[in-house]
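Me: I would like to learn how to read the features of a protein model, one at a time. Could you take me through this one?

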Amino acid sequence: MKGIHLKKSFACAKVEYIKWVCDARMIIIAVLLVFIHSFAIMPLRENAELMGEPLNILEPFIAVANSGAILLIIPLVFMTLISDFPKIDTNTVFYISRTGRISWLLGQVLKLIFMAVSFLSVIFLGAVLPMLGRGFWGGKWSRVATDFVLEFPEKTSNFGVRLLPVNLYNQMSVFDAAVKSYLLVFAYLMIIGLLMLAFSLARQKNAGFVVTGCVISLGTAFCSVNTQLMWIMPMANTIVWLHYTKYFKRPVVPIMFSVCYLLAVIAALLLFCVFAVRRFDYDHVTEIL
């Protein structure tokens with residue numbers, strides 16, 4: 001068993017990440033951005049125009065990261081984009097023999113981090129950039145978020161209102177909501193990638209797709225019916241506003257519980273991957289392609 005070689009791991013991750021970025025499947029991201037623009041940005045902008053008030057430029061991203069419908073689409077798109085992760089082919093034998101099993105695994109985890117960060121960053125920019133020149137920057141919520149229903153009580157069921165629920169702007173600042181949303185969604189994407197990595201190393205790649213799809217769909221279903229079972233799935237622990245009541249500071253579920261939950265799942269999957277890669281029979285890799 002070879003030791004860990006960080007340079008080799010990083011070089012392996014860099015080469016595979018560049019191939020991933022240049023993959024033709026990246027066109028799916030453009031479709032996702034169009035969906036986000038229509039589903040989240042336009043309803044908020046329409047409310048802003050109706051009030052004659054600007055939005056905080058971070059509010060569309062916060063809306064995206066806290067919408068149950070969009071948080072069903074984002075993980076599914078990410079799973080599609082990394083469907084061949086980890087890339088296990090005849091070159092895998094060369095990589096592992098040159099770098100060592102653990103170093104190769106570290107390279108895969110680094111690649112996953114690069115993919116999750118870049119994917120989420122594109123979504124962030126796709127939500128924020130259309131607001132430049134149309135919104136303001138700061139730590140305060142816009143009046144569009146906080147006062148729209150007061151000025152238009154007949155529009156309480158307005159979709160733009162539901163994108164930024166009271167649980168958000170009554171309980172935290174814009175910056176706090178944006179940072180927590182980004183980090184929690186990032187953890188969710190890491191869990192998706194690590195599930196696929198773990199099942200691939202266990203030579204059950206197809207089962208990995210099924211299990212990952214079930215985690216995403218069950219999380220969405222539990223959140224939609226608002227059952228306590230939703231907290232056993234990553235999705236509910238990813239949505240910031242679900243942790244708080246509308247008006248009181250006492251949380252429904254402490255945000256630190258969700259942080260610990262997500263980190264524990266990531267740690268458990270990493271430990272399983274370390275165990276699995278030590279037993280991985282790469283001499284017969286062609287049998288699982």
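Reply: Let us start with burial: a residue is buried under 20% relative accessible area, exposed over 50%, and partly exposed in between (1.4 Å probe, protein chains only). Leu-262, at 2% relative accessibility, therefore counts as buried. One word on the ground rules: this is a predicted model, where local features need pLDDT of at least 70, side-chain atom pairs count only at pLDDT 80 or more, and totals for chains, interfaces and linings use all residues. Residues are numbered from 1 along each chain as its sequence is written, and side-chain values use heavy atoms, with hydrogens and water left out.

Me: Where does Leu-262 sit, and which residues is Leu-262 in contact with, leaving aside its neighbours within four places in sequence?

Reply: Helices (H or I, at least four residues) and strands (E, at least two) are DSSP runs, numbered from the N terminus. Leu-262 belongs to helix α13, residues 255-279. Contact means heavy atoms within 4.5 Å. Apart from neighbours within four places in sequence, Leu-262 touches Leu-184, Ala-187, Ile-191, Pro-234 and Asn-237. Take Ile-191 as an example: 71 residues separate it from Leu-262 along the chain, yet their C-alpha atoms are 7.9 Å apart.

Me: What share of the contacts with a separation of 6 or more comes from residues 24 or more positions apart?

Reply: In this protein, such pairs account for 81% of those contacts. As for the secondary structure, the protein has 13 helices and two strands.

Me: How do I read the overall dimensions?

Reply: Begin with the radius of gyration, taken here over C-alpha atoms; the globule rule is 2.2 Å times the number of residues to the power 0.38. For 289 residues, a compact globule would come out near 19 Å, and the protein has 21 Å, which agrees. Along the principal axes, the C-alpha atoms fill a box of roughly 70 × 40 × 30 Å. Buried residues make up 49% of the 289.

Me: How many salt bridges does the structure hold?

Reply: A salt bridge is a side-chain nitrogen of Lys or Arg within 4 Å of a carboxyl oxygen of Asp or Glu. The structure holds seven of them. One of these joins Lys-111 and Glu-16, at 3.4 Å from N to O. Lys-111 lies in helix α6 (residues 101-128) and Glu-16 in helix α1 (residues 6-21), so the pair ties together parts that are 95 residues apart in sequence. Both Lys-111 and Glu-16 are buried.

Me: Which residues are linked with Glu-53 in a network of salt bridges?

Reply: The network links Glu-53, Arg-143, Asp-147 and Glu-151. Within it, the side chains of Glu-53 and Arg-143 meet at 2.9 Å, N to O. This pair links distant parts of the chain, 90 residues apart: Glu-53 is in the loop between α2 (27-51) and β1 (55-56), and Arg-143 is in helix α7 (residues 143-151). Glu-53 is partly exposed, with a relative accessible area of 27%, and Arg-143 is partly exposed too, at 33%.

Me: What should I look for in the backbone?

Reply: Most residues other than glycine have a negative phi, and most peptide bonds are trans. Here, a cis peptide bond joins Phe-85 and Pro-86, with omega about -5°. Pro-86 is in the loop between α4 (70-81) and α5 (90-99).

Me: Where is Arg-203, and what is the phi of Arg-203?

Reply: Look in the loop between α10 (174-201) and α11 (205-225) for Arg-203. Its phi is near 65°, a positive value in a residue other than glycine. At 36% relative accessibility, Arg-203 counts as partly exposed.

Me: Is Asn-226 buried or exposed?

Reply: Asn-226 is exposed, with a relative accessible area of 54%. This residue lies in the loop between α11 and α12, and has a positive phi of about 55° although it is not a glycine.
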